[in-house]
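Student: I have a protein model open and would like to go through it with you. Could we take it one question at a time?

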Amino acid sequence: MEKLIEVKNLKKWFRISGGGFGKKEAVKAVDDVSFHINKKEVLGLVGESGCGKTTCGKVILKITEPTDGSIFFEGNNITHLKKREMRNIRKKMMIIYQDPFGSLDPRMTIKAAIGEPIAVHKTAGKKEREERVIAIMEKVGLLPDHRNRYPHEFSGGQRQRIGIARALAANPEFIVADESVSALDVSIQAQIINLIQDLQNEYGITLLFIAHDLSVIKHISDRVAVMYLGKIVEIAPKADLFDQPEHPYTQALLSAIPIPDPGRRKKGNILMGDVPSPVNPPPGCRFHPRCPRRMDICSRQMPDLKEHSPRHFAACHLYS
């Protein structure tokens with residue numbers, strides 16, 4: 001399959017002051033991450049809060065500049081492109097934010113918010129832009145008659161539909177959906193997930209779907225990448241990862257999924273301890289302080305992300 005997005009050894013470190021005597025430290029939010037996303041594929045990116053998922057998505061879109069590594073879009077290296085050089089690429093890459101209210105300007109009508117990407121990238125004239133806004137509002141389940149209303153006049157689910165419409169307005173090839181349903185009620189979540197899935201299939205969009213809810217990831221993804229403390233620890237086709245998880249962290253995440261049957265008990269794999277600080281991560285495998293299967297080598301050497309079965313990669317010394 002043809003790759004649309006590829007990142008190689010991607011890093012994003014945020015410099016902070018600390019340690020006294022003017023010493024500088026860094027939050028290693030994304031640390032040496034490599035993966036690709038094929039055209040028209042949905043890659044789910046999952047992990048605990050603070051593991052670097054959102055930062056990874058923003059760096060790929062160059063909303064945040066990378067510290068190191070390379071980003072490829074359609075085979076072209078876009079890592080060091082300037083803002084002016086990125087303009088033609090930006091209309092092909094959009095984001096759906098987590099907060100459906102905070103991501104909308106309260107002073108802009110919905111018509112203006114959805115039409116903004118079209119106006120900025122000059123992909124249509126004024127009349128055609130308004131026709132496009134009406135068409136996309138209908139597509140995402142909004143009433144075109146409400147296009148002159150403001151964000152505060154809509155519910156959370158409706159505002160997220162507005163966010164989706166805005167992301168689709170410029171006909172992008174790639175969308176990052178950043179925790180796009182986590183702020184919504186469960187009943188509304190299902191509607192928005194199904195909407196995103198239907199639109200992705202209809203328009204053939206490549207999607208990076210970021211979430212911490214594994215049931216949502218399982219529903220929408222083709223492949224799944226698991227992230228822990230700035231590192232990708234496992235990546236595999238959805239069925240393989242859920243049926244035969246290789247990394248102990250992935251196994252622990254899957255064991256935490258509740259079974260919707262009060263008569264059945266599930267043996268959980270409860271993780272001990274807290275997530276280490278991304279400022280001073282542990283040596284070797286970053287998961288080893290919490291891993292029930294750790295070995296001596298785990299505290300000394302960082303495992304490489306290797307293919308242990310077809311298309312199934314894991315970074316774990318158990319499979320070395």
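Predicted model: local features only at pLDDT ≥ 70, side-chain atom pairs only at ≥ 80, totals over all residues.

Student: Why is helix α1 largely enclosed by the rest of the structure?

Tutor: Helix α1 runs over residues 53–60, and its buried residues are Lys53, Thr55, Cys56, Gly57, Val59 and Ile60. Just after this helix, Lys62 takes a positive phi of about 65°. Helix α1 is largely enclosed because the buried residues number 6 of the 8.

Student: Which residues have the most contacts inside the largest nonpolar core?

Tutor: That core has 56 residues. A second, separate core has 30 residues, among them Val30, Ile89, Val176 and Ile210. In the largest core, the residues with the most contacts inside it are Ile114, Ile164 and Phe209.

Student: What does Phe209 touch, not counting residues up to four places away in sequence?

Tutor: Let's stay with Phe209, one of the residues with the most contacts inside the largest core. Leaving out residues up to four places away in sequence, Phe209 touches Val42, Leu43, Gly44, Leu45, Ala177, Ser180, Ile196, Val216, Ile217 and Ile220.

Student: What is the radius of gyration of the protein?

Tutor: The protein has 9 helices and 12 strands. For 320 residues the globule rule gives 20 Å, and the protein's value is close to that, so it is as compact as a globular protein of that length. Its C-alpha trace spans about 65 × 55 × 45 Å along the principal axes. The radius of gyration is 21 Å.

Student: How far apart do the centres of the positive and negative side chains lie?

Tutor: There are 48 positive and 37 negative side chains in the protein. The accessible surface comes to about 16,300 Å², and 49% of that belongs to carbon and sulfur atoms. As for the centres of the two charge sets, the distance between them is 4 Å.

Technical notes: Residues numbered from 1 in each chain as written. Heavy atoms only, no water. Helix = DSSP H or I, 4+ residues; strand = E, 2+ residues; numbered from the N terminus. Rg over C-alpha atoms; globule rule 2.2 N^0.38 Å. Areas by Shrake-Rupley, 256 points an atom, 1.4 Å probe, with all protein chains shown as cover. Lys, Arg positive; Asp, Glu negative; His and termini not counted. Charge placed at Lys NZ, Arg CZ, Asp CG, Glu CD. Core = buried A, V, L, I, M, F, W, Y, C linked by side-chain atoms within 4.5 Å. Buried < 20%, exposed > 50% of the residue type's maximum accessible area, 1.4 Å probe, protein only. Contact = heavy atoms within 4.5 Å.
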